[in-house]
Amino acid sequence: MRLQEFQRLYFLRVFNCFPLCYVLYFLLFLALALGACTEQGKMGEQLKQVAEKTLSEQKFAQFDLEFLLGEEHDLEAVEVLVKYDHTLKHEQKYKAYPFSKVFASLLAQGDYDWIQASDPSKILITYKCVDGYNASTTLDVALSQESYIAFTDLNSETEAWTGRMASKMPPFYLVWEEVPYDDHSLLWPYGLSKLTLTPYEAAYASIMPKENLEGFKLYETHCLKCHSLNKIGGVMGPEFNYPRNILSYWEADNMWAFLNDPKSFRYNSKMPPITYLERAQFDEIVKYLRELDQMPRDPS
Ligand code: HEC
């Protein structure tokens, strides 16, 4: 074979086979890439499961505010003018620590990576008060705007707290600068002494409904801080599910009437009237409580 002929043949062969090679290479690449993707997808899924598992493991942090803020610290107190104090129902001025600063310094004191690494809407924060009021909300709500840990009433010139506040507010009172009077989504715990943080789902495992999530949310916002369920929640009012569900001995209509005007049932009732709920919302709460009655009771 002459060189020229050889070259031509060779060229043709290579040339002929090139597109095919490309197609094959391309297919191989595609297969590998696809494989890698699904592998990655699987790994992502596994990682997610691990993350969820870690989140639902019993994690818990408790901060004793009285102790921690009583010690030496470098947090600076500020003056806060509260436009409408939801407990006192008027404008009020306090000396207080900004909550975000306190919170950051608490987290800096220990190994709280699980709090920092979690979605704040999945972490439950509970304000524990000396009178047994345990108000909880998710961390995203607690940090949605600045709140203040108040320790002195600035309307008084002599004492830390004046009048009826003296027996109610200490050691701390959580306030917000500017929340409209009809916004009940934020908490104003007084007699505040401790904070606890725990993953939301683990904390509420035994009271999470399968169906009536809306009723649960409403109960969580408006009742749980005073009425525990399976011993979860506040203890200012009576427990509503353990050992017996409230609806097995209170009629829903009477509960509704009581809620709106407790003193029409008991002249000395300690429950503040709740008049801002609509009947339809209350009915959701009732549906949730009925579902809870069918669930296993696990008061841990
Ligand atoms: C700030 C605390 C507080 C909140 C919030 C609260 N309650 Fe109460 N509740 C009480 C207290 C305290 C009692 C104890 C009875 C009394 O003093 O009359 C009570 C009693 C009751 C009773 C009478 C039960 C019994 O057997 O004595 C019903 C019904 C009731 N609450 C329903 C509700 C519902 C429903 C909600 C939520 C929409 C709610 N309460 C929110 C504090 C609260």
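## Nonpolar core

The largest nonpolar core holds 51 residues, among which Ala96, Ile149, Ala150 and Val175 touch the most other members. At least three residues of this core come from each of domain 2 (58-203) and domain 3 (205-300). The model described here is predicted.

Leaving aside residues up to four places away in sequence, Ala150 touches Val80, Tyr94, Lys95, Ala96, Phe172, Tyr173 and Val175.

Strand β4 (residues 123-129) is mostly covered, with seven of its seven residues buried. In a regular strand, side chains alternate between the two faces of the sheet. Both faces of β4 are covered: Ile123, Ile125, Tyr127 and Cys129 are buried on one side, and Leu124, Thr126 and Lys128 are buried on the other.

Strand β8 (residues 190-199) pairs with β4 in the antiparallel sense over seven bridges, and Lys128 stands opposite Lys194 in β8. Strand β5 (residues 134-138) also runs antiparallel to β4, to which five bridges join it; Thr137 in β5 is the bridge partner of Ile125. The hairpin of β4 and β5 has four residues between the strands, and Gly132 in this hairpin takes a positive phi near 95°.

## Ligand surroundings

The ligand is surrounded by 21 residues, of which Cys223, Cys226, Gly237, Ser269 and Met271 are the closest. By class, this shell comprises 14 nonpolar, four polar and three charged residues. Helix α9 (residues 252-260) gives the most to the shell, contributing three residues.

Technical notes:
Residues numbered from 1 in each chain as written. Predicted model: local features only at pLDDT ≥ 70, side-chain atom pairs only at ≥ 80, totals over all residues. Near = placed C-beta within 6 Å. Helix = DSSP H or I, 4+ residues; strand = E, 2+ residues; numbered from the N terminus. Nonpolar A, V, L, I, M, F, W, Y, C, P; charged D, E, K, R; others polar. Core = buried A, V, L, I, M, F, W, Y, C linked by C-beta atoms within 7 Å. Buried ≥ 20, exposed ≤ 12 C-beta atoms within 10 Å, placed from the backbone. Domains from an automatic or database assignment. Contact = placed C-beta atoms within 7 Å. Pairing = 2+ DSSP bridges.
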